[in-house]
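Please read it alongside the sequence and structure shown here.

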Amino acid sequence: MRYIEPHAHMVSRVTDDYLQMLTAGCAAICEPAFWAGFDRSSADGFYDYFCQLTEHEPKRAAKFGLPHFCWLCINPKESENLELANDVLTLIPQFLERPTVLGIGEIGLNKNSRNEMTVLEKHVDLAARHNQLILVHTPHLEDKLKGTRLIVDLIKSDQRIQPGRVIIDHVEEHTVQLVLDAGMWAGMTLYPESKCSPARAIDMVEMYGNERIWMNCACDWGVSDPLAVPKTALEMRKRGHNAAAIDKLVYQNPLRFLSQCPKFKLAEQ
Amino acid sequence: MTRRQILDLYFMDARWKLIDLAAFIDRVERAEGEEDFRMQAFRTALLELSKGNKERAKQVLLAFSDPTTQPIAKAMGKGAVGAYKKTDSN
Ligand SMILES: [Zn+2]
């Protein structure tokens, strides 16, 4: 089996996780910028984090022959503070030309507040001006439906953004259709409690098709599983999906979306 | 897959989860005090299971979701609790 992990927060993981993922067939890892579990006190904290994502983490992955890519932004959980968000937005352009930066993400909403919307709009504008791909985090639990609608509407209203260059992550059964109908890609996150189980992810593929959709583990500092994607691929096999269908979902699809950024290259290519 | 094959694959797991769910409701009802909006949403969501709708997972998720459409004035924290609580401001 081969697969691409399109959403993993490796800065929060131990080196053994790289080895496990590689052993399971991982061909590349993509790491969106996110919340550290605590609020950073200044833009300097983000500067260091962006250096970690673009310099240190690719080196750590390279020890295992794994290409490591990243996405940059200030995440929605820290976007309520507009002053901080503006400072971080000013920092981002200097990193965008770095060789492993794929785009802007994971932007989006958390509690669906006005300030979060303002910061989301600025990120979308930044992506449009710099012709960047966009990776979006949708809110959790009771906030997901409303947040996904607000996000999709906001991005659709910016004529400069091509929907096929946007992935809306953490979809569930009540949001996947509206994302696909908007022409965007949908990410299913295999994460205990708050997101999607392997069985439900496979259900969604069976119900909504396998065209613009991928799976990711979103492993981070919380209870999460870096091997969630290959484990779900094994469950797909039990469910009667053939090798080509599995390969499309876990390898070809992320490859197709991510290759829209010319910097995304796999080792064997 | 046939219905029989799906049952072979998932029945024991679903049975275990259903008993766990029943035990959870018993546990809530054994405990002192009032239920809150979370349990009310939970009971509404439970009704979706027996309606014969083919999109039960979606309907359950909708039962827990914030139905409003406008951004809130300010985020008063970061967490979500799993069910929508109607307040005076929304
Ligand atoms: Zn994430």
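In what order do the elements of chain B run from the N terminus on? They run α-α-α, and the secondary structure of chain B comes to three helices and zero strands. Helices (H or I, at least four residues) and strands (E, at least two) are DSSP runs, numbered from the N terminus.

This is a predicted model, in which local features need pLDDT of at least 70 and side-chain atom pairs count only at pLDDT 80 or more, whereas totals for chains, interfaces and linings use all residues. Residues are numbered from 1 along each chain as its sequence is written, chains are lettered from A and ligands numbered from 1 in the order in which they are written, and side-chain values use heavy atoms, with hydrogens and water left out.

**Overall form of the chains**

- Chain A has nine helices and eight strands.
- Chain A has a radius of gyration of 17 Å, close to the 18 Å that the globule rule gives for 269 residues, so chain A is as compact as a globular protein of that length. The radius of gyration is taken over C-alpha atoms, and the globule rule is 2.2 Å times the number of residues to the power 0.38.
- Along the principal axes, the C-alpha atoms of chain A fill a box of roughly 50 × 40 × 35 Å.
- The radius of gyration of chain B is 17 Å, whereas a compact globule of 90 residues would have a value near 12 Å.
- The corresponding box for the C-alpha atoms of chain B is roughly 50 × 35 × 25 Å, taken along the principal axes.

**Interface of chain A and chain B**

- On the side of chain A, 27 residues are in contact (heavy atoms within 4.5 Å) with 28 residues of chain B.
- About 2,300 Å² is buried between chain A and chain B, and carbon and sulfur atoms give 60% of that area. Buried area is the accessible area (1.4 Å probe) that two parts lose on being put together, summed over both.
- Two salt bridges are found across this interface; a salt bridge is a side-chain nitrogen of Lys or Arg within 4 Å of a carboxyl oxygen of Asp or Glu.
- Asp39(A) forms a salt bridge with Lys78(B), with the closest N and O atoms 3.0 Å apart.
- Helix H4 (114–129), helix H5 (144–156), helix H7 (198–208) and helix H8 (228–238) of chain A each supply at least two residues of the side that touches chain B.
- By class, that side of chain A has seven nonpolar, five polar and 15 charged residues. Here Ala, Val, Leu, Ile, Met, Phe, Trp, Tyr, Cys and Pro count as nonpolar, Asp, Glu, Lys and Arg as charged, and the others, Gly among them, as polar.

**Domains of chain B**

- Chain B is divided into domain 1 (1–33) and domain 2 (34–68), with bounds that come from an automatic or database domain assignment.
- The C-alpha centres of domain 1 and domain 2 of chain B lie 16 Å apart, and the contact takes seven residues from domain 1 and six residues from domain 2.
- The area buried between the two domains of chain B is about 530 Å², of which carbon and sulfur atoms give 75%. In domain 1, Leu21(B), Ile25(B) and Gly33(B) lose the most area to domain 2, together 58% of what that side buries.
- The count between these domains is one salt bridge. The side chains of Glu29(B) and Arg43(B) meet in a salt bridge at 2.7 Å, N to O.

**Local features of chain A**

- The side chains of Glu55(A) and Arg98(A) meet in a salt bridge of 2.6 Å, N to O. The pair links distant parts of the chain, 43 residues apart: Glu55(A) is in helix H2 (residues 43–62), and Arg98(A) is in the loop between helix H3 (82–91) and strand S4 (101–108).
- Gly105(A) and Glu106(A) are joined by a cis peptide bond, with omega about -10 degrees; Glu106(A) lies in strand S4 of chain A.
- Asn131(A) has a positive phi, near 50 degrees, and is a residue other than glycine. Asn131(A) is placed in the loop between H4 and strand S5 (133–137) of chain A.
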